[in-house]
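Reader: Hi! I have a structure open and would like to talk it through with you. Could you take a look?

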Amino acid sequence: MKTLFILVALLYFCAGGFGCDSGLRLNWDFPGSDIKILFSPDAEHCQFLCTQEAPCLFWAFIGPDCLVDSRYCFLKATSSGKPEKQNPKQGTTAGYSLKSCTPSLCKVYENVDFPGADYRTFFTVDYKACQKACTDDPFCQFFTFLNGKFSNTNVRYKCHLKYSWSVPRTPAVRALADRISGFSRKLQIIPSSQTVCQHTLFPNTDFPGYDIEVHQAGSPELCQVLCSAHPLCTYFSFVSNKFKCYLKNNPNQMVPKDASGITSGLPSRSCPLHVTTYVGVDFPYSDIRFFPLNNVESCENACTSDPSCQFYSYITSSFTYLKSDYIFSLANRVCYLKRVITMPAPPRVTNLADAVSGFTLRNCFL
């Protein structure tokens with residue numbers, strides 16, 4: 001698995017770039033222009049989320065000193081690359097993406113809980129031991145530890161290891177005849193076509209029920225990659241005409257059912273990897289930049305050489321689009337480079353007395 005915090009180079013900005021502006025603007029807001037709302041433990045983490053979200057250029061974080069016990073991270077973007085409005089706002093912190101900086105984050109959060117996303121729990125002496133266990137477990141992205149003063153004596157010293165996606169998931173997949181899509185060769189997520197791995201795929205077979213998550217995927221092999229990356233996935237089913245990947249959990253039984261157009265399979269974490277392109281498949285959204293190229297091989301090379309790019313789509317036909325009342329016509333053979341957030345991202349963040357939460361130390365740059 002690749003390191004989650006990818007050192008990012010200067011990305012393409014729609015209307016010019018910024019230098020490295022890592023400053024946190026306390027009690028300040030950039031109202032409006034929201035593109036996504038996430039939970040985050042503090043302003044620094046919110047800034048990293050903005051850095052990894054392809055279109056995000058600036059952000060605002062509402063902290064726990066507000067009346068509501070939630071910590072919201074508002075990711076934002078405008079066509080100019082600058083906030084349309086900004087004003088003082090108590091309890092809010094604002095700032096810019098670190099896309100032109102070197103990210104660094106390594107800390108724990110006292111009296112903070114990351115609810116949900118648990119996949120393993122055990123008792124241990126302190127939060128440092130819990131964090132070390134998280135660091136040593138390749139599935140663990142963050143943790144919550146309940147210390148010796150926690151109100152419920154039955155769960156004191158309990159360590160909760162938690163999971164979030166560290167491999168890129170394409171937010172959407174669709175069939176388009178003039179598209180070819182694929183992944184950066186630097187990512188260790190590309191499925192294998194070797195015979196030993198194909199034996200873990202079962203065509204025209206469904207394993208009904210026991211769904212834990214549903215995702216978009218370009219092929220049964222990519223669905224297998226997602227299952228292999230999830231600590232609770234015991235098997236999966238992929239519906240080809242909808243590009244739907246159903247991750248399932250049942251360690252006790254696996255009941256097959258004949259089903260045309262569905263491929264099921266097992267996680268296969270030890271299989272060798274190789275590069276695959278998907279002809280007639282589009283990975284829409286999550287663009288970081290685009291430009292004309294003569295062939296799909298050049299597009300794949302451009303994605304692989306760009307440290308920010310995780311996957312790409314290549315268009316082989318011409319098209320037009322409307323932007324700001326002007327009609328643009330793009331020639332054929334256009335390469336779109338794309339990325340999504342793969343850093344640890346808790347599903348929720350709340351205050352909780354005598355709890356300590358934090359992230360794996362695999363992502364610390366000191």
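**Talking through the fold**

Author: Happy to! In this protein, 75% of the contacts with a separation of 6 or more are between residues 24 or more positions apart. Keep in mind that the model is predicted.

Reader: Good to know. How many helices and strands are there in the protein?

Author: The protein has five helices and 24 strands.

Reader: And what share of the residues counts as buried?

Author: Of its 366 residues, 51% are buried. The protein exposes about 17000 Å², with carbon and sulfur atoms supplying 54% of that area.

Reader: Let's go inside. Which residues have the most contacts inside the largest nonpolar core?

Author: Those are L161 and L247, in a core of 35 residues. Several elements each supply at least two residues of this core, including α2 (127-136), β9 (158-162) and β15 (244-248). The largest share is that of α4, with five residues. Another core, of 14 residues, lies apart from it and includes C46, L75, L98 and C101.

Reader: Nice. Changing topic: what is the strand order in the open sheet of five strands?

Author: The order is β18-β10-β20-β23-β19, and the pairing is antiparallel.

Reader: Which strands are at the edges?

Author: β18 and β19 (287-292) are the edge strands, each pairing on one side only. On average, neighbouring strands of this sheet are turned by 30° against each other, ignoring direction.

Reader: How many bridges join β20 to β23?

Author: Five bridges join β20 (residues 311-315) to β23 (residues 334-338), and the two strands run antiparallel. F311 stands opposite K338 in β23.

Reader: Is D178 buried or exposed?

Author: D178 counts as buried because its relative accessible area is 19%, and the cut-off for buried is under 20%.

Reader: So what does D178 touch?

Author: Leaving out residues up to four places away in sequence, D178 touches Y314, I315, T316 and S317. With S317 there is also a polar contact between the two side chains, at 2.3 Å.

Reader: Great, thanks for the tour!

Key: Residues are numbered from 1 along each chain as its sequence is written. This is a predicted model: local features need pLDDT of at least 70, side-chain atom pairs count only at pLDDT 80 or more; totals for chains, interfaces and linings use all residues. Side-chain values use heavy atoms; hydrogens and water are left out. Buried means under 20% relative accessible area, exposed over 50%, partly exposed in between (1.4 Å probe, protein chains only). A polar contact is a pair of N or O atoms within 3.5 Å; within protein, one must be able to donate a hydrogen and the other to accept it, and residues adjacent in sequence count only if both atoms are side-chain atoms. Contact means heavy atoms within 4.5 Å. A nonpolar core is a set of buried Ala, Val, Leu, Ile, Met, Phe, Trp, Tyr and Cys residues joined through side-chain atoms within 4.5 Å. Helices (H or I, at least four residues) and strands (E, at least two) are DSSP runs, numbered from the N terminus. Accessible areas come from the Shrake-Rupley method with a 1.4 Å probe; for residues, only the protein chains shown count as cover. Two strands pair if DSSP finds at least two bridges between them. Axes are lines fitted to C-alpha atoms, for helices over the stretch in contact, and angles run from 0 to 180 degrees between N-to-C directions.
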